[in-house]
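Please read it alongside the sequence and the coordinates.

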Amino acid sequence: MRDITCPRCGNHISHTFKEVKKVIKCPHCNMELMIDGRSQRMLKYTRTLFVAIVVSILMIGMMNLGTVSSYVALIIVLSIMLALMNVYDRLCLIITDKIFHLRYVPFEKPDVKEAIKARKAKEKKKHGL
Ligand SMILES: [Zn+2]
């Protein structure tokens with residue numbers, strides 16, 4: 001997997017397969033980075049595609065039911081899918097990264113934005129008086 005360059009300190013953030021996350025932290029300066037809007041959209045597509053594939057497999061399985069072995073096969077497939085649901089989020093993230101290459105941007109916490117807005121409003125008020 002590729003390395004990401006931290007926009008704040010310019011150091012490389014090595015990024016291994018196991019660590020594909022929506023939000024990562026620079027080990028050098030602790031800056032938080034998150035996937036950008038495009039990556040988020042791609043992640044949504046991957047998730048939709050993933051669900052579509054799972055549903056299609058189930059539909060095909062349902063159509064071929066009848067024999068004992070087909071029921072056994074369906075139960076096995078369902079078990080595998082249940083197990084996959086646990087890693088679904090990460091799996092989609094890894095697939096999205098493989099195909100579209102996730103891009104990271106500085107993470108902005110909503111409360112920080114709100115705080116800045118509140119401060120600006122306060123200053124405006126002060127100047128107005
Ligand atoms: Zn950094």
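Does His101 count as buried or exposed? With 12 C-beta neighbours inside 10 Å, His101 counts as exposed; the cut-offs are 20 or more other C-beta atoms within 10 Å of its own for buried, 12 or fewer for exposed, and partly exposed in between, with C-beta atoms placed from the backbone.

## Basis of the model

This is a predicted model, in which local features need pLDDT of at least 70, side-chain atom pairs count only at pLDDT 80 or more, and totals for chains, interfaces and linings use all residues. Residues are numbered from 1 along each chain as its sequence is written.

Helices (H or I, at least four residues) and strands (E, at least two) are DSSP runs, numbered from the N terminus.

## The sheet

Three strands form an open sheet in the order β3-β4-β5, and their pairing is antiparallel. Its edge strands are β3 (23–25) and β5 (104–106), each of which pairs on one side only. Two strands pair if DSSP finds at least two bridges between them. On average, neighbouring strands of this sheet are turned by 35 degrees against each other, direction ignored.

Between β3 and β4 (residues 32–35), which run antiparallel, there are 3 bridges. Val23 stands opposite Met34 in β4.

## Two loop residues with positive phi

Asn30 is placed in the loop between β3 and β4. Its phi is near 65 degrees, a positive value in a residue other than glycine. Asn30 counts as exposed because it has 10 C-beta neighbours inside 10 Å.

His101 lies in the loop between α2 (68–100) and β5. The phi of His101 is near 60 degrees, again a positive value in a residue other than glycine.

## Packing of α1 and α2

Two packed helices are described by the angle between their axes and the distance between the axes. The axes of α1 (residues 37–63) and α2 come within 9 Å and cross at roughly 155 degrees. Axes are lines fitted to C-alpha atoms, for helices over the stretch in contact, and angles run from 0 to 180 degrees between N-to-C directions. The two helices α1 and α2 are therefore roughly antiparallel (under 35 degrees counts as roughly parallel, over 145 as roughly antiparallel, 65 to 115 as roughly perpendicular and the rest as oblique).

Residues of α1 that meet α2 include Met42, Phe50 and Ile57, and their counterparts in α2 include Leu74, Met81 and Phe100; contact requires C-beta atoms, placed from the backbone, within 7 Å.

How values were computed: Two residues are in contact if their C-beta atoms, placed from the backbone, lie within 7 Å.
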